[in-house]
Amino acid sequence: MLGGLGAEVSEVRVPADLVGLDGLVIPGGESTTIMKGMARDGLDLAVRDVHGSGTPILGSCAGMIVCDREHLGLADYVCLRNAFGRQLASFEADLAVDGIGEEPLRAVFIRAPWVEEHGAETEILAEIEGHPVAVRDRNVLSVAFHPELTDDSRVHALFLAMVTSQSEARA
């Protein structure tokens, strides 16, 4: 999705892969497995350093959980895992998301979290039944759904706008 928007994309597997990146995506998957792998490979500390430098980070689904204050501590919110239910409760919904335009975004939720609590500075961008499912806290944009599973690139475009803004501020 990011490549289709003109971004140069590379995989991050070890801390050295983070050098020179303008942005970082922490994708979906299984948050406990992601955290164990990051700790094993030293990525947890390296990602905290990248975050501390102001580099924009996008966390989606499990990536949203990984960014929360109880995991990597990159953003001031706490997620409830599998908030909507197990795999069989996966669903799609049309969301109004602040910052991406008026047209609703079709969002795919698979064993998705929601934000259970958040700090005063955390900006709520979208909710389902009063539960935050898209938030921004400083340089971290997090969504409970999988924006890469549709043809709608607006979440990724919002992230790239954060990257561009940060790159211009550093120049």
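## Contacts and overall fold

Of the contacts in the protein that join residues at least 6 apart in sequence, 65% link residues at least 24 apart. The model is predicted. It contains 4 helices and 9 strands, and from the N terminus the elements follow the order β-α-α-β-α-β-β-β-β-β-β-β-α.

## Dimensions and surface

The radius of gyration of the protein is 15 Å, which agrees with the value near 16 Å that a compact globule of 171 residues would have. Along the principal axes, the C-alpha atoms occupy a box of roughly 40 × 35 × 30 Å.

Buried residues make up 46% of the 171 residues.

## Charges and salt bridges

Side chains of opposite charge can pair when their charged atoms come close. The structure holds 10 salt bridges, including those described below.

R13 pairs with E11, with the closest N and O atoms 2.8 Å apart. R13 counts as exposed because its relative accessibility is 56%, and E11 counts as exposed at 57%. In the salt bridge between D41 and R40, the corresponding distance is 2.9 Å; D41 is partly exposed at 30% relative accessibility, whereas R40 is exposed at 64%.

## A buried partner and a network

R138 forms a salt bridge with D137, the closest N and O atoms being 3.3 Å apart. R138 is exposed, at 55% relative accessibility, while D137 is buried, with a relative accessible area of 1%. Salt bridges also link R69, D76 and E117 in a network.

Conventions: Residues are numbered from 1 along each chain as its sequence is written. This is a predicted model: local features need pLDDT of at least 70, side-chain atom pairs count only at pLDDT 80 or more; totals for chains, interfaces and linings use all residues. Side-chain values use heavy atoms; hydrogens and water are left out. Helices (H or I, at least four residues) and strands (E, at least two) are DSSP runs, numbered from the N terminus. The radius of gyration is taken over C-alpha atoms; the globule rule is 2.2 Å times the number of residues to the power 0.38. Buried means under 20% relative accessible area, exposed over 50%, partly exposed in between (1.4 Å probe, protein chains only). Contact means heavy atoms within 4.5 Å. A salt bridge is a side-chain nitrogen of Lys or Arg within 4 Å of a carboxyl oxygen of Asp or Glu.
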